[in-house]
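Please open the model in your viewer and keep the selection panel at hand. The tour goes from one selection to the next and says what can be found at each stop.

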Amino acid sequence: MIKSALAARNKAYAPYSGYHVGSAVLTADDRVYTGVNIENASFGATNCAERTAIYKAVSEGNQKLKAIAVVGAPKGEAITGLAYPCGVCRQVMREFCETPDDFIIIVAKDEEDYRAFTLNEILPASFGPEKLI
């Protein structure tokens, strides 16, 4: 997944921030969907790499997700830090995971240097679909 996220990062469209993010989401049926951040002159229309990958999976009929890998750094620069998902992306992850304790978020510099968390660790006391049913 990290390798897929690193490759996806090269396709990011970030002319305003210059910060290129790639992600790869793993579905319950072990398919991988990649995403990139896509900026817009109207900043509110910008979409994060994580949501791009998730929406691609969902649009293909895969609504049960197991994990996501995220990488990011300014274009043309080596990845020296970890890029964590924003709050909106965390909430979207919550929508499509079985439980926050089972969904894994990997933030990475490369395939050997990464950290893994459960969604519950980075989005504690979350609000999910079961609260509305």
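A crossover is called right-handed if, with the strands pointing away from the viewer, the path from the first strand over the helix to the second runs clockwise. Helices (H or I, at least four residues) and strands (E, at least two) are DSSP runs, numbered from the N terminus. This is a predicted model, in which local features need pLDDT of at least 70 and side-chain atom pairs count only at pLDDT 80 or more, while totals for chains, interfaces and linings use all residues. Residues are numbered from 1 along each chain as its sequence is written, and side-chain values use heavy atoms, with hydrogens and water left out.

Select β3, helix α3 (residues 87-95) and β4, which together make a right-handed β-α-β unit. Strand β3 itself spans residues 65-74, and eight of its ten residues are buried, where buried means under 20% relative accessible area, exposed over 50%, and partly exposed in between (1.4 Å probe, protein chains only).

Strand β1 (residues 19-27) runs antiparallel to β3 and is joined to it by nine bridges, with Thr27 having Leu65 as its bridge partner. Strand β4 (residues 104-108), by contrast, pairs with β3 in the parallel sense over four bridges, and here Ala69 stands opposite Ile106.

Next, turn to the charged side chains. How many salt bridges does a search of the whole structure find? The search finds four, a salt bridge being a side-chain nitrogen of Lys or Arg within 4 Å of a carboxyl oxygen of Asp or Glu. Lys66 counts as partly exposed because its relative accessibility is 32%.

Then select Lys64 and Glu98, which form a salt bridge at 3.5 Å, N to O. Lys64 lies in the loop between α2 and β3 and Glu98 in the loop between α3 and β4, so this pair ties together parts that are 34 residues apart in sequence. Lys64 is partly exposed at 48%, whereas Glu98 is exposed at 53%.

As a last stop, select Lys3 in helix α1 (residues 2-9), an exposed residue with a relative accessible area of 58%. The C-alpha atoms of Lys3 and Asp110 are separated by 7.6 Å, although these residues are 107 residues apart along the chain.

How values were computed: Two strands pair if DSSP finds at least two bridges between them.
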